[in-house]
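Trainee: Could we go through this model together? I would like to begin with the overall fold and then turn to the charged side chains.

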Amino acid sequence: MVQNGYLKEKLYDALIQTPIRLSVRQEETVAPHALEWVKDTLEKGSFTYEDIWKSGLLIRTTLDSKYQKILNTAFDEGLREYESRHEPKPYNPLEGAGILMEIRTGQVVAYYGGRDFQKNK
C-alpha cells in the first residue's frame with residue numbers, strides 16, 4: 001500500500017508496531033440444545049468441521065423463535081414453581097426436556113434440552 005501511494009511510510013511504520021487484538025463474538029441463541037443437536041448430526045454424517053464452520057454452509061431448520069421462547073419460559077417457570085413447593089435437592093437439581101412439533105408435518109418448532117446449556121451439553 002505504501003508502494004502504491006495509498007499509505008504514508010510513517011503511518012505504515014506505526015501500524016505494524018500496533019498489536020492486533022482479535023475479538024470473538026459469541027452468538028446468543030434461544031435454542032442452544034437444538035443447535036448442538038444439528039451440529040452433532042452433521043458431524044456424524046459426511047460433513048467435516050471445515051464444512052460446518054468455515055465453508056459458509058447455510059443450514060435451515062424448522063425451529064421458530066416465538067415457540068422456542070414460549071417453551072423455554074414454560075419449562076423455566078414450571079420447574080421453579082415445582083421446586084418452590086418441594087424440598088430442594090442440591091445434589092440432584094430438577095431438569096426437564098421437551099419438544100414442540102407441528103403435528104401435520106412432523107416439523108420440530110421448538111426444542112428444550114435443560115436449564116443450563118453449558119452444564120447439560
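This is a predicted model: local features need pLDDT of at least 70, side-chain atom pairs count only at pLDDT 80 or more; totals for chains, interfaces and linings use all residues.

Trainee: Which side chain does aspartate 40 meet in a salt bridge?

Mentor: That of lysine 39, with an N to O distance of 3.4 Å. Lysine 39 also forms a salt bridge with glutamate 36, at 3.6 Å.

Trainee: Is lysine 39 buried or exposed?

Mentor: Lysine 39 is buried, its relative accessible area being 18%.

Trainee: And where do glutamate 36 and lysine 39 sit?

Mentor: Both are in helix α2, which covers residues 32–44; they are three residues apart, so about one helical turn separates them. Glu36, Lys39, Asp40 and Glu43 are linked in a network of salt bridges.

Trainee: How many salt bridges are there by this rule?

Mentor: The count is six. Another of them joins glutamate 102 and arginine 104 at 3.3 Å, N to O. Glutamate 102 is partly exposed at 29%, whereas arginine 104 is exposed at 75%.

Trainee: Changing topic, what pattern does the protein follow along the sequence?

Mentor: The order is α-α-α-α-β-β-α. The radius of gyration is 23 Å, well over the 14 Å that the globule rule gives for 121 residues, so the protein is more spread out than a compact globule. The C-alpha trace spans about 70 × 40 × 25 Å along its principal axes.

Trainee: What percentage of the residues is buried?

Mentor: Buried residues make up 17% of the 121.

Methods: Residues are numbered from 1 along each chain as its sequence is written. Side-chain values use heavy atoms; hydrogens and water are left out. Helices (H or I, at least four residues) and strands (E, at least two) are DSSP runs, numbered from the N terminus. The radius of gyration is taken over C-alpha atoms; the globule rule is 2.2 Å times the number of residues to the power 0.38. Buried means under 20% relative accessible area, exposed over 50%, partly exposed in between (1.4 Å probe, protein chains only). A salt bridge is a side-chain nitrogen of Lys or Arg within 4 Å of a carboxyl oxygen of Asp or Glu.
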